[in-house]
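This report describes selected features of the structure shown below. It takes up secondary structure, strand pairing and the nonpolar core in turn.

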Amino acid sequence: MNARVAYVIAALLLAGPTFAQTKGQLQLPEFAALAEKASETVNVTLDANLLRMACRFLNADADPEQAAAKKLCTGLTGIYVRHYTFDTDYAYPKGDIDGVRRQLNAPGWSRIVEARSKKENTNVDVFLLLNGDKAQGLSIIASEPREFTIVNVVGSIDLEQIHELEGKFGVPNLEIETGKKPAPAKPPAPEKTPEKAR
Amino acid sequence: MNENFANEFERELRRRLRPVEAPEGFAERLMAALPPEKKSTVVAFIPKASRPVRQFGVPAALAASLLGAVLFGMHVANERVIEEQKGIAASQQLMQALRVTSQKLDLAYEAVNNPPTAGDEENRS
């Protein structure tokens, strides 16, 4: 009897962190070894509390970028970015990327963009966590010879608002909400405005 | 008549007030009749506590509450500064995160939109 209780308690303790993790949040490794080798590192961990605080301190009146960010971040519960730049090619172990990629095979996640360029040795995957017709998470895994990036955005993502970021952060129109693929091969368009995005 | 009476009275007064020798052994008897001399005792002086409190109680309480208010204000101001620094740092991190995100979305966009040229093997979906 006592052993059973102990098993239940142990199981609950082990399961605790899993339950505590927000839906859509990936378990990102520490990448401590990568950070040592990298010439440039961007490590952003903004949980719900920090994100709320960050949103409060954005100056929407002075900067259109910050205004767009403020609009976007209200529904988000976390942003996690790991970005490493190296001085040599492929200084990062592929196993680390595969570990993260495996988490995106979980139900709910859909790969909306898979781009492989052998010419530039660039791989970019964009995943969306969909709940009905609402996006609850966005993940990007991008690997280039000298760069390695994982982005994990958690929370209700309004795709319209991502479109509104066009011309502000250089976010392109991916037409992700319609499921349509972007029109191929068009001449480089002039800088887009938010009105165009709508 | 009156003069005689006054003279008589004065004479009688002088007679009565003249110095008279004390009887034999009077001093000894008097000293023996006195109570024994008490030894002096040391009494500690304990100041009453209520008096200074009554005197300085209100100013001390005011000073203490003023000091408390100043310390609390300093603490609140300090907390606000720390929170502001944290908030600014977090907003900078957020902007940096969004820039990296947009760069990578741009990369995906470029990869999807650029058609494969001859001899260039690309896989897009």
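Read from the N terminus, the elements of chain B follow the order α-α-α-β, that is, three helices and one strand. The model is a predicted one. Of the 125 residues in chain B, 13% count as buried.

In chain A, strand 6 (residues 147-157) is largely enclosed by the rest of the structure, because nine of its eleven residues are buried; a residue counts as buried when 20 or more other C-beta atoms lie within 10 Å of its own. The pairings of strand 6 of chain A are set out below.

| Partner strand in chain A | Sense | Bridges to strand 6 of chain A |
|---|---|---|
| Strand 2 (residues 76-85) | antiparallel | nine bridges |
| Strand 5 (residues 134-144) | antiparallel | nine bridges |

Individual positions illustrate both pairings. V81(A) has V151(A) of strand 6 of chain A as its bridge partner, while I141(A) stands opposite I150(A) in strand 6 of chain A. Strand 5 of chain A is also joined to strand 6 of chain A by a hairpin through two residues.

The largest nonpolar core comprises 42 residues, and those with the most contacts inside it are L46(A), L51(A), A54(A), I79(A), V124(A), L94(B) and A108(B). Helix 3 (residues 50-113) of chain B contributes the most to this core, with eleven residues.

What is A54(A) in contact with, leaving aside its neighbours within four places in sequence? In chain A the contacts are L46(A) and C73(A); in chain B they are G87(B), A90(B), S91(B), Q93(B) and L94(B).

Definitions and conventions: Residues are numbered from 1 along each chain as its sequence is written. Chains are lettered from A and ligands numbered from 1 in the order in which they are written. This is a predicted model: local features need pLDDT of at least 70, side-chain atom pairs count only at pLDDT 80 or more; totals for chains, interfaces and linings use all residues. A residue is buried if 20 or more other C-beta atoms lie within 10 Å of its own, exposed if 12 or fewer, and partly exposed in between; C-beta atoms are placed from the backbone. Helices (H or I, at least four residues) and strands (E, at least two) are DSSP runs, numbered from the N terminus. Two strands pair if DSSP finds at least two bridges between them. A nonpolar core is a set of buried Ala, Val, Leu, Ile, Met, Phe, Trp, Tyr and Cys residues joined through C-beta atoms within 7 Å. Two residues are in contact if their C-beta atoms, placed from the backbone, lie within 7 Å.
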